[in-house]
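Please keep the structure in view while reading.

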Amino acid sequence: MTATLEAPTPSHVDAAVTLSGVRKAFGHGPNAVLALDGVDLTVAPGEFVCLLGASGCGKSTLLNLVAGLDAPTSGSIALTTSRPAVMFQEAALMPWLTAVRNVELPLRLAGLKRGARRAKANELLSLVRLGEAGGKRPHELSGGMRQRVALARALASTLGSAEEGTPGLLLMDEPFAALDAITRDVLQAELVRVWRETDTAIVFVTHDVREAVRLGQRVVLLSSRPGRVVREWGVDGLAGADETETIEEITAHLREVISGHAAAS
Amino acid sequence: MATPQPPETLEADRGLAAVGAGLDALDAPPQDHRRSAGQRFLHTAVPPIVAFALLVGAWQALWASAIWPEFQLPAPLAVWDTVWTTVRSGDAGEILWTSVSRAVFGFAIAVVIATPLGLLVAKVRVVRAAIGSLLTGLQSLPSVAWVPAAILWFGLTPSAIYFVVLMGSVPSIANGLVSGIDQIPPLLPRVGQALGAGRLSSARHILLPAALPGYLAGLKQGWAFSWRSLMAAEIIATSPQLGLGLGQFLHNGQSLNDISMVIAAIFLILLVGIGIELLLFRPLERAVLRARGLTGAL
């Protein structure tokens, strides 16, 4: 065996998530509604992918399938990561627990010892810049702070419960949609920072083209009813005129997808 | 991805942190400050004391007008004398202890039975369909109705009394838990599932704490029902081997035609009810609601 410096990196082999031919129908017979039809998607470890689509494109259905909260009608979903964590549009913190105990909850469910989980939870709270607010209850926090606690909790559930070395996977379902513009702006920047520091793969669902291009490395456009992958754009490191151009191009495609429905009905 | 960051990124990062901290300070809801102990006393303790004083005053006036004969409406002082004598002789402590310990023990058994029962009814569809309405029906059935059956089944024994207490309080506690669980926002159990909670740990870490306000309301009602049922059972099922509880005391007052004793007994029964509410359930409820930011009603 010879040691070579240029070992080929098997990046296309070890995907964090691989969806092949995923189909999901709700209901049976003639009343069945097809939410997803033949979705193929691969997310590399540590990649930031934005799923973009109008209402009814099955974005949330897709996340639920990847999270294992629901099972596909056909097709397969393969995960090489630890348990995927989900973040919703609402923070959905447990109102009876303090911020730090909310972050501890997934670690507790995973059976971690008290001291270890408290340390891990405090570390994650500092990561989202809430190290001081650990003792506060959800109702004492602002909307943006709650969403950051939810982010720390999601990270705890995907990182804390895994064995060392397993990459994490974070599924986000329009997590900033309910926030005001300034807070959203700050949280987007915070998310990118946290993503850089944690090596977690992120699948981020949004209907905001600007947000998708700003955050993601790759933007995947889904059609509506049923959801299919229409096109993909690599948007990593875009800035200035290139970024504006891409946003316009994607917006045009999104409009096309939406107006297609007006003709059909 | 862990590339060393260029200085301008660090700068931007610091700026972001400052904006974020500013937003946190601006957006965080203002903390409500608590009133001082003196003010709290003025607002919570004075009104009921005044109301009680007025009530006693009206009673005294009615007695003084002598519309009803003395054996129907005693003087407040005569009732107070009876209470005081039983307290002085130590009988009151013994009577109260007999009844309260029975009620507490019966209530504890009821909690142990009703909690899993409520969980089952709330979470298992078949169980809810089968016994859900029965449980609600039992709640509106006066538990006195069980006393004759209990005496026939168990004789004049403590078991008969406990049976009546359980039939009174179990449906209330179970129903309280069911409605508490029904009112949980559906997102919370889903989040629990996403965080890795199985069925049992979801019940322990999500459902029960989320349902706690409703459960507590059920416990409160369950206690009231177990206390009432106990009084009903004690008044009807009197026998020397059952000991002297408040109900028997009341019954003896009636047998002796001693209206002061009857009213004294009612007063003691009421006192226990108010005492448990003020010393146990009110602070518990307050703590639970305050922790969740539901301070509107307090």
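Two residues are in contact if their C-beta atoms, placed from the backbone, lie within 7 Å. The model is predicted.

**Chain B: secondary structure and dimensions**

- Chain B has 13 helices and 0 strands.
- Along the principal axes, a box of roughly 95 × 50 × 30 Å holds the C-alpha atoms of chain B.
- Buried residues make up 30% of the 298 in chain B.
- When contacts in chain B between residues at least 6 apart in sequence are taken, 73% of them join residues at least 24 apart.

**Chain B: the pair α7 and α8**

- Helix α7 of chain B covers residues 146-154, and helix α8 of chain B covers residues 158-182.
- The two helices pack at an angle of about 145°, and their axes are 9 Å apart.
- The crossing of α7(B) and α8(B) is right-handed.
- On the α7(B) side, the residues that meet α8(B) are B:W146, B:V147, B:A150, B:I151 and B:F154.
- On the α8(B) side, their partners are B:S159, B:A160, B:F163, B:V164 and B:M167.
- By class, this contact of α7(B) with α8(B) consists of 9 nonpolar residues and 1 polar residue, with no charged residues.

- The domain assignment of chain A gives two entries: domain 1, made of 17-25 + 32-81 + 169-182 + 190-265, and domain 2, made of 93-166.
- The C-alpha centres of domain 1 and domain 2 of chain A are 26 Å apart.
- In the contact between them, 11 residues of domain 1 of chain A touch 12 residues of domain 2 of chain A.
- On the domain 1 side of chain A, the elements that give two or more residues are β6 (169-173) and α5 (181-198).
- The largest share of that side, 4 residues, is from α5(A).
- By class, the side of domain 1 of chain A that touches domain 2 of chain A has 6 nonpolar, 3 polar and 2 charged residues.

Notes. Residues numbered from 1 in each chain as written. Chains lettered and ligands numbered in written order. Predicted model: local features only at pLDDT ≥ 70, side-chain atom pairs only at ≥ 80, totals over all residues. Buried ≥ 20, exposed ≤ 12 C-beta atoms within 10 Å, placed from the backbone. Axes fitted to C-alpha atoms, helices over the stretch in contact; angles between N-to-C directions. Left-handed = near helix turned anticlockwise from the far one by under 90°. Nonpolar A, V, L, I, M, F, W, Y, C, P; charged D, E, K, R; others polar. Domains from an automatic or database assignment.
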